[in-house]
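My notes follow in the order I made them.

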Amino acid sequence: MAAPAYPAWVTRWVSGQWRNKKRPPALRPPRTLALADKVANRREQLTEATCITEMSVMMACWKQNDFNDAPCAKEISTFYDCVAKAEKERKNQNEDSLSSRGNLPSSKVNKLLKRFPQITRYV
Amino acid sequence: SSPAALAPCRIMPVRWSRYNPSYLEPEVRKESYQKPLEELTEEEREQAELKAVRPIKAAPPTLSSSVFSDPMISKFTNMMMKSGNKVLARSLMSQTLEAIKRKQLEKYHKAPENEKETIECNPYVIFHQALKNCQPIIGLSNITKGGKTYQVPVPLTDNRKRFLAMKWLITECRENKHRRTMMPEKLSQELLLAFNNEGPVIKKKHVLHKMAEANRAYAHFRWW
């Protein structure tokens, strides 16, 4: 016969944990067991740095040409274009839309919850 | 009017006052008023209709419709100005431009025939080119991560580049020169050196670029 599967409390009881006064903790102090109108502040996942490849290309060109700007004009212009594009992208992205991970930032969630609070009592 | 007549007037707080958002910016360029009505595009017609109805802000004294006014030169003059002495700053600026012109003309007349075309005599062109040569392309910013501050290479906005170029020029002239040289002389010398990609300001820009290149490993600490 295979080992019979007992529920978890039976195993705990048999092991003698309860006899050593190890009890599960009571809720102390008990907060109201209801949903609050706000979410905890979560640190937003930071986006990565933009235009790093262009920057490294430009710096390689500088290293070869002794930091003169004239021979590196093409790399510099590509870097500027990339920076302008990233800036426009940042301006255009709407904060109300979901972030890359599909979560709203906690500040926005709190604003929404404040507008539609949990009704705790009827008048 | 006598002070007794002004006594009942209350003081109007002005420091944080601002125009109502409905006020429009003044249009200073003469060309925009010389176009006949038919040539305007849709948006320009709408703009003109809006201008007929909305109030317009007062034009600031620095805004001018003259062909001789240059916004970069005005900005540079303002940065040179000390304790509001615009008259002095403006005279120094004009003397600087004159000094540049004189030096270039001297070079022009001494040069042989084949080299005369290469010498640039327009002081405004020299000023703009010198400023452009002095502008840094990438800057460093302090970013704290894990308790330590790192110097991270960061792209700069156009305004910041122009400001840094002008600031470096002015500080260089004020601090690192002989005490008795006049500002126009110092400034014209610095501008001519910067125009030819030489001089201490260009060196400072190169030092900044070298530091950015040395710290390029920290570029990932940026989050924008």
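**Cysteine pairs**

I searched the whole structure, a predicted model, and found two disulfides over all chains.

I looked up the bond between A:Cys51 and A:Cys82, where the S to S distance is 2.2 Å. The angle about the S-S bond is -100 degrees, and the link is left-handed. A:Cys51 sits in the loop between helix H1 (8-15) and helix H2 (52-64) of chain A, and A:Cys82 in helix H3 (residues 73-92), so the bond ties together parts 31 residues apart in sequence. A:Cys51 is buried at 8% relative accessibility, and A:Cys82 is buried at 15%.

I then took the disulfide of A:Cys61 and A:Cys72, with sulfur atoms 2.2 Å apart. This link is left-handed, at -100 degrees about the S-S bond. A:Cys61 belongs to helix H2 of chain A and A:Cys72 to the loop between H2 and H3, so the pair joins parts 11 residues apart in sequence.

I noted the pairing for chain A, counting its bonded cysteines in sequence order: 1-4, 2-3.

B:Cys134 is buried, with a relative accessible area of 0%.

**Helix H8 of chain B**

I checked helix H8 (residues 183-195) of chain B, which has 13 residues and spans 18 Å, close to the 18 Å expected. Its buried residues include B:Met183, B:Leu187 and B:Leu191. The buried residues of H8(B) pack against helices H4, H5, H6, H7 and H9 of chain B. Just after H8(B), I found B:Asn197 with a positive phi of about 60 degrees.

Notes. Residues numbered from 1 in each chain as written. Chains lettered and ligands numbered in written order. Predicted model: local features only at pLDDT ≥ 70, side-chain atom pairs only at ≥ 80, totals over all residues. Heavy atoms only, no water. Helix = DSSP H or I, 4+ residues; strand = E, 2+ residues; numbered from the N terminus. Expected span 1.5 Å × (residues − 1). Buried < 20%, exposed > 50% of the residue type's maximum accessible area, 1.4 Å probe, protein only. Contact = heavy atoms within 4.5 Å. Disulfide = S-S within 2.5 Å.
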